[in-house]
Amino acid sequence: MAVMADHAAPDDSIPASEWDYCTIGELVSALQRRTISASELLEHAIARIEALDPRLNAIVVRDFERAREAARAADAALARGERRPLLGVPATVKEAFNVAGLATTWGYPQCRDYIPEQDALVVTRLKAAGAVVLGKTNVPEGLGDFQSYNDIYGTTNNPWDLSRSPGGSSGGSAAALAAGFGPLSFGSDIGGSLRMPAHFCGVYAHKPTLGLVSMRGYNQPPSPPRPGHGDLAVLGPMTRTATDLELALQLVAEPDEEQEGIGYRLSLPAPRHQKLSDFRVVVVDTHPLIPTSNAVRAAMNRVAERLAHAGVAVASPGPALPDLAESARIYMRLLAAATSSRMTPEAFAQTQTAAVTLMPDDHSLTAERTCGYVMRHREWLQIDAARARAAQQWRLFFRDWDVVLYPSAAVVAFPHDHSLPIEERHLDIDGRNYPYLDACYIWADPASTCGLPATAAPIDRSPTGLPIGVQIIGPHLQDRTTIAFAALMEREFGGFTPPGT
C-alpha cells in the first residue's frame, strides 16, 4: 500500500482497497449501482483510519457510531431510489467547524469541553447532500500556525514524511485526504490555511471568493454562531481532484437563509474558457520580499513550459501586475486586525507597547502586523481604502489575463518546529533563514487581501519526492474559472498521486 513513505513503514496488516483513492463521482456511481453499500464503504474508511491514523493523527475527533447510522440511512435511501450528490460518501471537516454533539475547541485547552448544539451551515449542507461525516480533523491552537498541533490532540504528521508538517491550519484535512481517509474535507483559509496544506500534501483545495460560502457555525468557541462572514476569512473544500472541488463548492455556495437583509447573494458565472489553450496566464514564481526555494521555482517554470507547449498564452509578470510588496504590507495589517480579537488582554497590551517603539520608517512585515493588531478604526479605514485600490488594479489586470499562477508556499513541507515564541522561528529557504511568519503568511496575499478565488493544485514533486503545488488566482467571482483551469491542467499533466507511489 502507498502511504507514509518515510522512515516508518505503514502497517501492512490492512490490505490496500480499490476504494481508498476513488473520486466522489466514482463512489457515487458505485453506490448507486450497488457495487458497494454505504455501510461497507464507511467500514473500509474506518478500518483504514484505525490502522494508519495512529501515526498520522489527522482525524482527531471521531464520530464513527453516528456515521454508521448515517450510512445505514443512506443505504435505505439508495434502495428507495433516492439520488443526492454525496449520498453515502464519507467526509470530514476541520475541527473548527461546529458539529452538534462533538467538541469544537480550535485547539484551545480551555475549550476542550465546549460542545455546540447545532451544526455549522456547511456541515448541514453536506449532510443534506447525503455525506456521511465520520469526524473532524486536527488544527493548530487558535488556527494560528502553518503546522497542525495543539495540547489537546497532539501533532498531525505529513503522510509523505512523518517528520514534516502537513501544513496549517487545515493540515489535518489535507493529511486525511492524502492518506485515503475519504474523498472530501472542508477547511478554512485566512492566511493560506487551505492552500499551503494542499501544497504540502499534494491535494486540491479551493479558497472561494470572499463571502461566497456562509461562515455560520464557524466561530471561535465558545461564542454563539452568527450569520455573515468575517474579513479575509473563507471556508472551502479540499479534495483529490479538481472536478470534486467544483461539486463540493456548488453544494455550499448557496446564500444563508439567516443572512436575509444583512448579506448578499453571489452568483458564479461559467468558466471563462473550456479549452486549456484558450487561457491567458501570468506565472509569478517569486516575491519581491521573500524568495521561493529552487525546488518550487523550478516546478513552476516546468509547468509554465508545459502550458506553453499546450498552446496556452503564458507570460511573466509585467507592469500591469499590482505591486506585490505593497499588497503584502496591506495584507499583514488587515490580517492582524482581523485576528486581534483572539489576543489575550496581556498580549494586546504588550503589542501596544511594541507598536509605540517602532520607527516611523519601519515597513517590515513584522512591523505591519504589530501595527495592525492595535490600530484604531480610523487607521483601518485607510488600509481598507488601500485594499480597495488594489482590488481595482486586479480587476483591470484580469481584463487581459484569465488566471495567475502563484506559489502556495516558498518551500515544500518543512520539518516540525514547535519552538516558542513563534515570532522567533525561522524558515530555511535554500540555506538562508527568513522570519517564519513572514515567509509563510506572505503567499496568502493577494487572493486573501482582495477576496479573490484561488484554487490550489498539485503540479510536481521536489528532488526529494515531496509534493509541490500552485495556487491559481482568478478574478472576483470567477471561482469556476480557476477550478476549471485546475481540472484542465489535471487532465493534461496529471494531478494527485498517493504518497509513496
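Two strands are said to pair if DSSP finds at least two bridges between them. Helices (H or I, at least four residues) and strands (E, at least two) are DSSP runs, numbered from the N terminus.

The structure on display is a predicted model, in which local features need pLDDT of at least 70 and side-chain atom pairs count only at pLDDT 80 or more, while totals for chains, interfaces and linings use all residues. Residues are numbered from 1 along each chain as its sequence is written, and side-chain values use heavy atoms, with hydrogens and water left out.

Please select residues 426-429, strand E12, together with residues 432-435, strand E13. These two strands pair in the antiparallel sense over four bridges. Asp-428 stands opposite Asn-433 of E13. Two residues lie between the strands of this hairpin, and Asp-430 takes a positive phi near 55°. In E12, Leu-427 and Ile-429 point to one face and are buried (under 20% relative accessible area, 1.4 Å probe, protein chains only; exposed is over 50%, partly exposed in between).

**Second stop: the open sheet**

Next, display the eleven strands of the open sheet, whose order is E1-E3-E2-E6-E8-E7-E14-E15-E11-E9-E10, with mixed pairing. Strand E1 (59-62) and strand E10 (313-315) stand at the edges with a single partner strand each, so one side of each has no neighbour in the sheet. From one strand to the next, the twist averages 30°. Within this sheet, select residues 204-207 (E7) and 234-239 (E8), which run antiparallel and are joined by two bridges. Ala-205 stands opposite Met-238 in E8.

Select residues 38-56, helix H2, which lies across E1, strand E2 (90-94) and strand E3 (132-137) and runs at about 130° to E1 (axes are lines fitted to C-alpha atoms, for helices over the stretch in contact, with angles from 0 to 180 degrees between N-to-C directions). Among the buried residues of H2 are Leu-41, Leu-42, Ala-45, Ile-49 and Leu-52. H2 bends by about 40° at Glu-50, and Pro-54 follows within four residues (the bend is the angle between axes fitted to the seven residues ending there and the seven starting there). After H2 comes Asn-57, with a positive phi near 60°.

Twelve of the 16 residues are buried, including Tyr-331, Met-332 and Arg-333. The buried residues pack against helix H11 (365-374), helix H12 (377-397), strand E11 (403-407) and helix H13 (436-441).

Select Phe-398, in the loop between H12 and E11. Is Phe-398 buried or exposed? Its relative accessibility is 2%, so Phe-398 counts as buried. Phe-398 touches Arg-272, Val-403, Val-404, Leu-452, Ile-473, Gly-474 and Pro-475, not counting residues up to four places away in sequence (contact means heavy atoms within 4.5 Å).

**Last stop: confidence**

Finally, colour the chain by pLDDT, the predictor's confidence in each residue, from 0 to 100. The mean for the chain is 94, and 95% of its residues reach 70 or more. Over residues 5-13 the pLDDT is below 50.
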